[in-house]
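Biologist: Could you walk me through this model, one question at a time? I would like to know where its parts sit and what they touch.

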Amino acid sequence: MSRFEDLSPYAYTPGIGVPPGVEAFTVGWLEKQDDFPRGDVPAAFVESLGVLCRDDSQNAMRGLFPCTLPHPEGKPAYPVAIEVGGRRVTLGAAEIRVVAEDGRWLIAPNLVHHYITAHAYLPPAEFIEAVTARRTAPRM
């Protein structure tokens, strides 16, 4: 996976699924060497993020990316998966695309769920708000 600063212009797969004229920005594209914001997030946000990972992952890729962040207990399971509503959801091969209140698209790898729950990554407030509201970007 690639590394992008939070809220930098989206450049992972430019031109794929982002309509002309839409401003798209990255959230949660982390790598092992990163120093990133950490903190607590609301439970409703984590629940909504899980539902979006299960029901609305977009721009699926071939192959699965592992988590490269350090794990004190050893290597994480590969592939990384979560349980949402009794269903196993594999992370690391798609994106979560939500729309901020100002209309910008915020695009994160769906592995962001693991970064938040296992590594205390604190995404930007506008991402938390858009995910909690489940304001997904339209599929293209």
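**A walk through the model**

Modeller: Happy to; let me begin with valine 80, which is buried, its relative accessible area being 6% (buried means under 20%, exposed over 50%, and partly exposed in between, with a 1.4 Å probe and protein chains only). Please keep in mind that this is a predicted model, where local features need pLDDT of at least 70 and side-chain atom pairs count only at pLDDT 80 or more, while totals for chains, interfaces and linings use all residues. Residues are numbered from 1 along each chain as its sequence is written, and side-chain values use heavy atoms, with hydrogens and water left out.

Biologist: Where does valine 80 lie?

Modeller: Helices (DSSP runs of H or I, at least four residues) and strands (E, at least two) are numbered from the N terminus. On that numbering, the place of valine 80 is the loop between H1 and S2.

Biologist: Which residues is valine 80 in contact with, leaving aside neighbours within four places in sequence?

Modeller: Contact means heavy atoms within 4.5 Å. The C-alpha of valine 80 is separated by 11 Å from that of valine 112, 32 residues apart along the chain. With neighbours within four places set aside, the contacts of valine 80 are Cys67, Val89, Thr90, Leu91, Leu111 and His114.

Biologist: Which elements do the buried residues of H1 pack against?

Modeller: Helix H1 covers residues 43–55 and reaches 18 Å from its first C-alpha to its last, close to the 18 Å expected (1.5 Å times one less than its number of residues). Its buried residues are Phe45, Ser48, Leu49, Gly50, Val51, Leu52 and Cys53. These buried residues pack against strands S2 (81–84), S3 (87–90) and S4 (95–99), and against helices H2 (112–119) and H3 (125–132).

Biologist: Which residue in the turn between S2 and S3 has a positive phi?

Modeller: S2 and S3 run antiparallel and are joined by four bridges (two strands pair if DSSP finds at least two bridges between them). Alanine 81 stands opposite threonine 90 in S3, and alanine 81 belongs with Glu83 to the uncovered face of S2, whereas Ile82 and Val84 make up the covered one. The hairpin has two residues between its strands, and the one in the turn with a positive phi, about 55°, is glycine 85.

Biologist: In what order do the strands of the three-stranded open sheet come?

Modeller: S4 and strand S5 (residues 105–109) run antiparallel, joined by five bridges, and valine 99 stands opposite tryptophan 105 in S5. The pairing in the open sheet is mixed, and the order is S1-S5-S4. S1 and S4 are the edge strands, each with a single partner, so one side of each has no neighbour in the sheet. Ignoring direction, neighbouring strands are turned against each other by an average of 25°.

Biologist: Why is S4 largely enclosed by the rest of the structure, and which residues point each way from it?

Modeller: S4 is largely enclosed because five of its five residues are buried. In a regular strand the side chains alternate between the two faces of the sheet. Here Ile96 and Val98 point one way, and pointing the other way are Glu95, Arg97 and Val99.

Biologist: How far apart are N and O in the salt bridge of glutamate 95 and arginine 97?

Modeller: A salt bridge is a side-chain nitrogen of Lys or Arg within 4 Å of a carboxyl oxygen of Asp or Glu, and the whole structure holds seven. Glutamate 95 and arginine 97 are both buried. Their side chains meet with an N to O distance of 2.8 Å.

Biologist: Which residues are linked with Arg104 in a network of salt bridges?

Modeller: Arginine 104 is buried at 18% relative accessible area, whereas aspartate 102 is exposed at 53%. The side chains of these two meet in a salt bridge of 2.8 Å, N to O. In the network, Arg104 is linked with Asp102 and Glu126.

Biologist: What separates the closest N and O atoms of arginine 135 and glutamate 129?

Modeller: Arginine 135 counts as partly exposed at 28% relative accessibility, and glutamate 129 counts as partly exposed at 27%. They form a salt bridge whose closest N and O atoms are apart by 2.4 Å.

Key. Axes are lines fitted to C-alpha atoms, for helices over the stretch in contact, and angles run from 0 to 180 degrees between N-to-C directions.
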